[in-house]
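Please keep the sequence and the 3D view at hand while reading.

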Amino acid sequence: MNEEQKAIAAEITDLRNSGMMDDAIRMCQQAADLFPHNSFFPKLLGDMYRQGERYEEAADEYLKMLRLIQPSQMQIFVKAYRKLEQVTSEFFMRGFSERIRVVLETEELPEEMRKKLNVMLGSDFVRDNDFLTIAKLANDDSNLNVVKKEIENWESISDISRIEALAADKIHQTQESNSRSIDTFLIQRLEKLGRYDLALSLIEKTKKPYSEKLIIAAILRMCRKKADYAFAERVLQIDEKFIESSDFNIQYELVYYFQTANRGEELEKTLRRMRGKSATSSIPIARTLYNFYLSLNKFEEARSIYEHIRDLEQNQKYEYGQHKKHGIKSRSEVQLESEQFVWQRMKDLVSDQEHNRQMIALRDLLKGFSHELGQPITNIRYAIQLHQRKIKRGKDAPEDLETLLSDILVQTDRLGVLLARFSPVVSPKNEAGTFSVRDCVSRVFGDLETRLHGQNISYRIEGSSEVSLQGDQVQFSQVFYNLVLNSMQAIEKDGHIDIGISTPVHNMVTIEFADNGPGIPEENYQKIFEPFFSTKDPTSGNGGEGLGLYIVWNILKMFNGTIQIDKNFHRGTRFLIQIQQTKGGAQV
């Protein structure tokens with residue numbers, strides 16, 4: 001707007017804000033007549049009519065605005081349309097939509113305008129006679145070719161709103177239809193166009209495709225792209241039977257799902273099934289599995305698949321014989337050598353990253369340990385200096401010496417507790433042997449039985465006594481002493497602790513440790529395994545130094561294992577422990 005128009009607009013706004021609506025409308029009408037090519041005044045006039053519940057007049061002004069705006073200003077019209085929609089009836093808006101369609105079809109407005117309006121307001125403007133004809137045909141698979149051709153035509157001219165409207169009609173229709181193939185095709189197009197919510201709603205409406213592997217894979221794939229698996233978890237029963245009955249396309253998506261859901265055991269089962277018959281004979285499937293193993297830092301498995309891919313390539317003799325004959329490397333050999341280099345480089349990078357992480361953890365440990373040791377040592381030094389000054393002044397008394405000695409004993413006890421808590425990490429003892437995981441855990445609970453009973457905390461241990469590890473059983477026991485003590489401090493009274501020990505899968509032992517305490521705040525998930533991080537009072541005499549879970553993390557590292565929080569567990573806290581069994585030799 002120029003300066004004159006801005007001044008008029010400001011005056012109209014002042015009148016409107018002062019409650020002088022009739023005067024504001026009168027001035028806005030005059031401005032619209034004075035500046036017939038400016039879309040601002042019809043828009044403002046329409047808003048005031050809407051505010052005064054003069055909806056027909058508001059619609060008239062909004063249509064005037066539509067004729068004046070540029071395609072880049074379409075969002076302004078859409079906002080006005082939506083506000084009018086909120087305060088009027090469906091019948092009124094249907095008539096208004098028809099008037100908009102007439103303007104778009106009969107007046108020389110830019111084609112871009114119509115497309116933008118369709119995108120922004122969706123299906124309200126596409127249900128003309130041609131669309132209704134196709135919508136009727138889409139209820140019977142005998143019309144599949146005709147409907148497919150029309151949908152492809154809509155897509156080619158970017159008339160996506162008609163595709164959305166067809167899906168919406170199917171979702172809301174009440175009569176039965178014989179359109180399984182058309183529905184499947186429509187779902188595929190919606191996914192291709194990124195209309196995931198609409199595609200999933202159509203799947204849920206039909207219900208029939210839940211048993212079709214193509215649709216199941218599409219459900220998981222779209223949920224992955226949405227970064228939200230709620231729909232899949234609601235309509236699919238994703239269990240061991242589901243994994244066993246799935247094909248490669250579904251297994252591919254399950255890898256991502258189980259990673260997101262932090263379901264390590266099911267992830268291993270899926271990878272193992274993928275590595276079965278299909279990966280044995282198919283190079284593309286084997287390569288996919290190879291990439292998964294790399295992304296999961298499972299380098300030994302990746303190496304094994306890599307060797308298998310090389311064998312498959314050689315067996316196929318793809319360019320192999322002729323190139324060898326002339327001493328030239330085949331394309332497949334060059335590609336595999338390149339991948340071997342990348343594989344080794346990734347392994348080195350992860351190793352470097354792990355080393356850096358360990359060095360940072362060691363630095364933090366020493367820093368915190370120095371601080372924790374420094375406090376009691378400083379207290380002892382100050383107490384002795386104070387007593388020495390009293391002696392020099394001749395003001396010392398027998399009871400002062402007794403107080404000093406008592407204070408020193410308190411501080412040395414504190415040092416002893418700290419060193420005892422830290423000893424499992426630095427202990428040089430390594431009494432390697434084979435032990436039962438369940439028996440080891442049971443002994444820990446047996447030692448703490450009296451304290452557990454005193455707090456009315458029950459426990460349950462599930463799993464076979466045959467599951468075993470190699471290493472120092474005393475160190476491994478410390479893992480569960482620390483976890484149980486943490487749970488007891490969190491629960492305080494009346495609760496339960498559950499331990500689940502799973503049968504090893506590919507020599508991987510999985511242990512679940514869960515309690516029904518208050519849980520760990522999400523903002524602390526990344527901190528709880530850091531040394532000296534604690535939310536408890538370290539002077540309470542009941543832990544709180546922040547070493548418990550750090551010690552757990554370090555001991556499990558020595559056992560070639562990991563520990564992490566189950567983020568999907570909301571009834572307390574659940575830790576997932578995974579330990580790779582060694583093949584011969586000591587675990588630690």
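## Aromatic pairs and helix contacts

Tyrosine 252 is partly exposed, with a relative accessible area of 26%, where buried means under 20% relative accessible area, exposed over 50%, and partly exposed in between, with a 1.4 Å probe and protein chains only. Phenylalanine 292, by contrast, is buried, at a relative accessible area of 4%.

The model is predicted, and local features need pLDDT of at least 70, side-chain atom pairs count only at pLDDT 80 or more, and totals for chains, interfaces and linings use all residues. Residues are numbered from 1 along each chain as its sequence is written, and side-chain values use heavy atoms, with hydrogens and water left out.

A search of the whole structure finds 16 aromatic pairs; rings of Phe, Tyr and Trp (its six-membered ring) pair if their centres lie within 6.5 Å, and planes under 30 degrees apart count as stacked, over 60 as edge-to-face and the rest as tilted. The rings of tyrosine 252 and phenylalanine 292 form a tilted pair, because their planes stand at 50 degrees, with centres 5.3 Å apart. Since tyrosine 252 lies in helix 16 (residues 248-260) and phenylalanine 292 in helix 19 (residues 283-295), the pair ties together parts that are 40 residues apart in sequence. Helices (H or I, at least four residues) and strands (E, at least two) are DSSP runs, numbered from the N terminus.

Phenylalanine 480 and phenylalanine 513 form another tilted pair, 6.5 Å centre to centre and with 50 degrees between the planes. This pair links helix 26 (residues 473-491), which holds phenylalanine 480, to strand 5 (residues 508-515), which holds phenylalanine 513, 33 residues apart.

Two helix pairs are set out below. Axes are lines fitted to C-alpha atoms, for helices over the stretch in contact, and angles run from 0 to 180 degrees between N-to-C directions.

| Helix pair | Axes come within | Crossing angle |
|---|---|---|
| Helix 13 (residues 213-226) and helix 16 | 9 Å | roughly 25 degrees |
| Helix 4 (residues 55-68) and helix 5 (residues 74-87) | 10 Å | roughly 165 degrees |

Helix 13 and helix 16 are therefore roughly parallel, whereas helix 4 and helix 5 are therefore roughly antiparallel; angles under 35 degrees count as roughly parallel, over 145 as roughly antiparallel, 65 to 115 as roughly perpendicular and the rest as oblique.
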